[in-house]
Amino acid sequence: MVQKYQSPVRVYKYPFELVMAAYEKRFPTCPQIPVFLGSEVLRESRSADGAVHVVERSCRLRVEAPRLLRKIAGVEHVVFVQRNVLNWRERTLLIEAHNETFASRVVVNENCSYTVHPENEEWTCFEQSASLDIRSFFGFESALEKLAMKQYTANVKRGKEVIEHYLNELISQGTSHIPRWTPAPVREEDARSQAGPRDPGSLEADRPCSGPGPAPETVITDGDKLDADYIERYLGRLTPVQESCLIQLRRWLQETHKGKIPKDEHILRFLRARDFHLDKAREMLCQSLSWRKQHQVDLLLQTWRPPALLEEFYAGGWHYQDIDGRPLYILRLGHMDTKGLMKAVGEEALLKHVLSVNEEGQKRCEGNTKQFGRPISSWTCLVDLEGLNMRHLWRPGVKALLRMIEVVEDNYPETLGRLLIVRAPRVFPVLWTLISPFINENTRQKFLIYSGSNYQGPGGLVDYLDRDVIPDFLGGDCVCNVPEGGLVPKSLYLTEEEQEHTDQLRQWRETYQSASVLRGAPHEVAVEILEGESVITWDFDILRGDVVFSLYHSKQVPKPGPQEPGARAGGQLTDKGWVLGVDYSRVEAPLVCREGESIQGSHVTRWPGIYLLQWQMHSPPGNVACSLPGVEDVLTALHSPGPKCKLLYYYEVLASEDFRGSMSSLESCTSGFSQLSATTSSSSGHSHSSPLVSR
């Protein structure tokens, strides 16, 4: 595979002639570049008028490689041939270089150019490109490739410093100006003598204006190129390899992409997301550009106006910036009725609103970059989880959240600089277990999570936000205008016809299973837990009647038992002879659920065995069943007319390994999570369900 390097345009704020004088000081030896052992001129020629000077040199470079590799190669230095064409009239220097040592095994080509800055003729631009093709090298091809690119990029940086060193030396010696070249008057006899035979070796001198012909990837600076000062000012400090990747991907887009070219900071985010692997970043970016075109995302900020209901109940908004100048977005997730919002505006409207937030975030980053005079390419998000409970685990809402995470991860990589989560409740690890596998590892490393009041004081928010921007609801003095959220009234929900039109209702229904409950004939689901500290989660809606929900544990399999490991649902599974406290035990207190309510909950298991989720018809006070119904009760209920309860339910088991892994990942990416971690661990065998119901 051929490795390529392309530098940005580096600008010397000195005239071309002075830069050339500094460049010539590098020869025949250069103490400032230790690997450069010396050079000798092989050929040299000038045009008749002196405007073009062609020099071909043999340069020796010391091999900086492990001793074993040098021993195998049998050399201590390598030879490169460099050909320079200096055109004083055009004020250009074009440099071509290639290796002679190991030329049959390794091919190195380099092209450089010094030219006059297109907007300031008193400045000089420098560009450099190179390619490396290792065909074979004693089985050490991969090691040599990495070593060569590492050393090459290090020498690139050193080369700029050397030119600046010699410029300063010239100025300190009193040479701050060198006159431009002007043609000398040509006498008549000189003109006649110039018409005679020429030395074939000086053929290039006949083309003083055009130089030696086209050199790959070295052309005069134009407005489409990036210069190093711009990169450092607006994009940040990049290594030479990172600069090269940015320039190559940008150039590829200019040559192949039909449509709007993304901004440089946007291209750079995709490179960072793929660790500057050029092909992977190109693929990711192309998919994102296609997605943006398909959904007209470039026009989103001009065309999207959130419904009034979203503006009132979506508890998120922009709030100044963090201590590093990043735009700050505040989301009061615990106060937000995600289920109500989805039922009132639909999932697509919520997704579009989230996309508009990301588009606005990029725009604010650009503004802060200009305002603070340093590159700012990401924002900080502060998430307040006060009020988060099991109703936030409503499955369609969790699925919508996962979809939004996926869309944002794919199309807005590296836009989140830091995520501060405060007042995380005990239920948070369950939610984290569900969503963390869908979050990129680089993104997870930016999470800081605090439980209780750990966000206050040293190590908390004051380390990331100025005190005068900490919101009042978190104990600060700054009035925060982010909406407080709250429950969305059912009267604002979309009708079933409107939900059917968007296909939303069908998608939600596919998530759940339906069940009927008769008096004396409960509906039960058996869940086999193979390892303690697994998490059983449930989510159900009562469509008709009132039911009592309970959770039991048994060491023995009910008859008929599960057909396969995991879970089996369907009617009553327990037999008549079971005795409460002997054959099975209740691990959740009975919860009365009324018609129209939606219940979400979870249970961290203490023991392996069979867990039974049970729904039975609610009896009048004083008659609530304390044990499982017998077979006779079930048969009587099935053959007797009477009221019937209906429900939709969903359950899921989070494996112990996944749950413990999520706890470990939480602790690894947080600074104030120990209190919450200890509370969760000690609560095994207790439910996270809440008597509060979502609507």
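These legends go with a few close-up views of a predicted model.

Local features here need pLDDT of at least 70 and side-chain atom pairs count only at pLDDT 80 or more, while totals for chains, interfaces and linings use all residues. Residues are numbered from 1 along each chain as its sequence is written, and side-chain values use heavy atoms, with hydrogens and water left out.

View 1. E164 pairs up with K160, their closest N and O atoms sitting 2.7 Å apart. (A salt bridge is a side-chain nitrogen of Lys or Arg within 4 Å of a carboxyl oxygen of Asp or Glu.) Both residues belong to helix α3 (residues 141-172), four residues apart, about one turn of the helix. (Helices, H or I, of at least four residues and strands, E, of at least two are DSSP runs, numbered from the N terminus.)

**View 2. E359 meets R292.** Here the side chains join in a salt bridge of 3.0 Å, N to O. The pair links distant parts of the chain, with E359 in helix α12 (residues 347-372) and R292 in helix α8 (residues 278-295), 67 residues apart.

**View 3. R423 meets D384.** This salt bridge has its closest N and O atoms 2.8 Å apart. R423 lies in strand β12 (residues 416-424) and D384 in strand β11 (residues 379-384), so the pair ties together parts 39 residues apart in sequence. R423 and D384 are buried too.

Technical notes: Buried means under 20% relative accessible area, exposed over 50%, partly exposed in between (1.4 Å probe, protein chains only).
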